[in-house]
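Subject: Structure handover

Hello,

Here is the structure I promised to pass on. Please open it alongside this note; my findings follow below.

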Amino acid sequence: MAWLKKSKPVTENIDVTKLERESNTREFTGFGNKMITAILLCLTIFQLYSSITGTIPPQLVRMTHLSFVIPLSYWLYPATAKGNRHKMNYIDLVLGFVYIGVALYYILNYNELVRRSGAYTQLDVIVGAIAVILVMEACRRVVGLPIVIIATVFLLYAYFGPMMPGFLRHRGYSISRIVTHMFYTTEGIMGMPLGVCSTFVFLFILFGAFLEKTGIGAFFIDIANALAGWAAGGPAKVAVLTSALQGTVSGSSVSNTVSTGSFTIPLMKSLGYKPEFAGAVEAAASTGGQLMPPIMGAAAFLIAETIGVSYLEVAKAAVIPAFLYFLGIWIMVHLEAKKLGLKGLPREQLPKAGKLMLEKGHLILPLVSIIAFLLMGFTTTRAALGGIITAIICPFLRKKTHVPLKDIFEALIIGARNIVSVACACSTAGIIVGVVTLTGLGLKFGDSLIALTDGHMLPTLIVTMVTSIVLGMGVPTTANYLITSVIAAPIVVQLGVPVLAAHMFAFYFGIVADITPPVALAAYAGSAIAKSDPFWTGVNATKLAIAAFLVPYMFVYNPQLILIDTTPLGVIQITATSIIGMIGIGAGLTGYFVTTTPLYLRIALIVGGAMLVHPGLVTDVVGVTLIAAIYAWQKYTLKARA
């Protein structure tokens with residue numbers, strides 16, 4: 001990236017630990033560093049062995065996975081944000097070994113525990129209670145307090161059921177029943193979320209770590225600049241394109257914002273974008289990374305497992321919505337650039353796309369291989385393993401992209417380290433899901449909400465959206481989806497929405513929470529780089545990502561967008577009307593279409609765009625006609641002035 005040598009990345013003053021709890025880790029030296037590295041390497045080796053052989057019972061895979069993750073949570077993460085980040089205290093050391101003891105109890109007594117299922121001993125209950133407490137404390141350290149508070153409230157609800165009002169009342173359960181249900185069955189901590197985390201998610205995170213070490217991130221930034229850096233508002237479009245490409249590899253909103261934003265945000269500011277807008281562009285685009293196939297956020301794997309479809313089906317369903325999401329941001333950025341008269345970078349300062357593809361184009365082969373393996377019918381696990389092997393081989397295909405073997409080793413460590421936060425979130429979310437299944441809360445909540453909204457689709461969708469966004473302010477996307485999938489998604493299904501569309505709806509709004517004030521972590525990361533006001537950066541990011549708020553409603557009302565019961569002609573039609581609708585809404589929100597737009601025309605554009613959200617011949621015709629008429633009128637008046 002020699003062309004960027006004059007543009008120094010702006011990351012030195014950013015404390016990511018304040019934005020992402022999972023970044024607040026201890027950094028060891030000497031023996032401590034070697035010990036942690038060895039443990040992380042053992043975790044990766046175990047996960048690869050269990051995935052390749054497939055001979056270990058699922059419950060034992062999950063427990064062994066946790067026997068690494070929970071101790072690492074205590075040893076890597078201090079109890080408080082102000083804790084010593086260079087030295088481990090004895091309490092944390094002991095707590096880690098206590099959980100190893102708990103895991104050994106489960107593993108060594110596995111067959112006996114299965115045989116006496118439902119007739120647990122007092123020792124079983126004590127060990128289970130210790131495990132639940134240790135898991136929740138580990139999650140508090142790694143993920144944050146909000147999800148632990150939610151899990152605690154759910155546990156209290158399971159115990160105090162007879163005291164609950166109205167439809168929330170149930171018969172209540174003893175502490176021993178709650179503990180054993182949460183720890184020894186596959187309905188709680190050891191449930192499906194942890195199962196997905198300890199298989200598919202780990203492998204894809206490891207795959208992303210290998211790609212990161214091959215330098216694909218720098219390649220994405222270069223190719224995005226070659227393709228869009230010269231256009232109006234070039235660096236902003238580069239941010240959108242880079243984040244979309246980076247999203248094919250990584251599923252973290254904050255890390256995407258920091259990694260690509262350190263280059264794109266200063267460039268945007270240098271060309272005249274306001275700091276709040278520059279930070280917002282990067283935050284909005286980076287948040288969409290979790291929606292971009294082939295490697296979506298971890299919750300996408302949970303969708304596949306929850307509703308019983310292949311991951312390929314989920315990834316295919318996400319293609320058009322992801323395209324519309326990034327196109328929506330691109331439209332907003334373009335119109336804002338035109339409105340402010342912002343130009344791109346001179347072409348001579350930018351890399352050449354053809355030369356880049358010749359020199360480094362082979363670096364995208366691992367992504368292509370993942371898609372190819374899935375299309376050939378390989379399981380998700382086998383496709384991920386094939387992608388990892390391809391990612392290791394690819395850098396050595398050309399001398400210019402060779403990487404030292406040390407980087408391959410580091411990728412094995414990074415993959416294991418990155419799984420810790422996901423595993424903690426999944427195990428604690430499993431407690432919440434366990435309470436829902438134990439008490440039947442999901443059905444009760446669903447019946448009450450349908451009664452409240454009188455069975456009407458739009459109010460039910462709005463309540464689900466608000467629930468997802470509010471939850472997303474305190475819990476990560478994975479846990480957010482798990483909670484809404486057992487409480488809200490079934491309600492939407494009851495109204496006649498296809499199962500995949502209902503779960504994708506909850507998934508989308510869980511992600512959007514990362515840019516929705518007042519708690520908008522990706523926007524805060526962008527504002528830290530842009531040196532802008534965090535709240536207004538979040539407001540701008542929300543406005544830019546208007547597509548993220550519209551697209552889920554589009555595919556709920558018209559499942560053809562996610563390739564359900566569709567034809568090629570139907571897909572083209574709904575995609576075309578969706579694009580026109582987003583252009584109308586984007587022009588209305590920015591106040592610029594062909595030229596500066598007065599308020600009454602802005603309102604008309606938004607109305608026309610909104611009409612294209614709901615499928616139907618009449619609404620489509622009216623919406624397209626309204627937007628086309630305003631476009632023609634502005635073109636005519638512009639010519640008349642000239």
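First, a term used further down: a crossing is left-handed if the near helix is turned anticlockwise from the far one by less than a right angle, and right-handed if clockwise. Helices (H or I, at least four residues) and strands (E, at least two) are DSSP runs, numbered from the N terminus.

This is a predicted model, in which local features need pLDDT of at least 70, side-chain atom pairs count only at pLDDT 80 or more, and totals for chains, interfaces and linings use all residues. Residues are numbered from 1 along each chain as its sequence is written, and side-chain values use heavy atoms, with hydrogens and water left out.

The whole chain

The protein chain has 29 helices and zero strands. Its radius of gyration is 25 Å, close to the 26 Å that the globule rule gives for 642 residues, so the chain is as compact as a globular protein of that length. That radius is taken over C-alpha atoms, and the globule rule is 2.2 Å times the number of residues to the power 0.38. Along the principal axes, the C-alpha trace spans about 85 × 65 × 50 Å.

Of the 642 residues, 58% count as buried. Buried means under 20% relative accessible area, exposed means over 50%, and partly exposed lies in between (1.4 Å probe, protein chains only). Contact means heavy atoms within 4.5 Å. Take the contacts between residues at least 6 apart in sequence: 78% of them join residues at least 24 apart.

Helix H13

Helix H13 covers residues 298-307. Seven of its 10 residues are buried, so H13 is largely enclosed by the rest of the structure. The buried ones are Ala-298, Ala-299, Ala-300, Phe-301, Leu-302, Ile-303 and Ala-304. They pack against helices H8 (192-214), H14 (311-340), H17 (380-393), H18, H21 (477-487) and H23 (499-512). Gly-308 follows H13 and has a positive phi, near 75 degrees.

How does H13 sit against H23? The two pack at an angle of about 150 degrees, with their axes 11 Å apart. That makes H13 roughly antiparallel to H23. Angles under 35 degrees count as roughly parallel, over 145 as roughly antiparallel, 65 to 115 as roughly perpendicular and the rest as oblique. Axes are lines fitted to C-alpha atoms, for helices over the stretch in contact, and angles run from 0 to 180 degrees between N-to-C directions.

The crossing of H13 and H23 is right-handed. H13 contributes Ala-299, Ala-300, Ile-303, Thr-306 and Ile-307 to the contact, and H23 contributes Val-499, Leu-500, His-503, Met-504 and Phe-507. These residues divide into eight nonpolar, two polar and no charged. Here Ala, Val, Leu, Ile, Met, Phe, Trp, Tyr, Cys and Pro count as nonpolar, Asp, Glu, Lys and Arg as charged, and the others, Gly among them, as polar.

Helices H5 and H18

H5 (residues 122-142) and H18 (residues 405-439) cross at roughly 130 degrees, and their axes come within 9 Å. That makes H5 oblique to H18. Their crossing is left-handed. On the H5 side, the contact involves Val-132, Val-135, Met-136, Ala-138, Cys-139 and Val-142. On the H18 side, it involves Val-420, Ser-421, Cys-424, Ala-425, Ser-427, Thr-428 and Ile-431. The contact residues divide into 10 nonpolar, three polar and no charged.

Single residues

Val-551 lies in helix H26 (residues 546-557). Is Val-551 buried or exposed? Val-551 is buried, with a relative accessible area of 1%. Beyond its neighbours within four places in sequence, Val-551 is in contact with Pro-321, Leu-324 and Tyr-508.

Leu-108 lies in helix H3 (residues 90-108). Leu-108 is exposed, at 71% relative accessible area. Its C-alpha atom is 9.9 Å from that of Leu-60, 48 residues apart along the chain.

Please also look at the loop between H26 and H27 (568-590), where Leu-563 lies. Most residues other than glycine have a negative phi. Leu-563 has a positive phi, near 65 degrees. Leu-563 counts as partly exposed, at 39% relative accessibility. Asp-565 is in the loop between H26 and H27 too. Phi of Asp-565 is positive, near 50 degrees. Asp-565 is exposed, with a relative accessible area of 75%.

Best wishes
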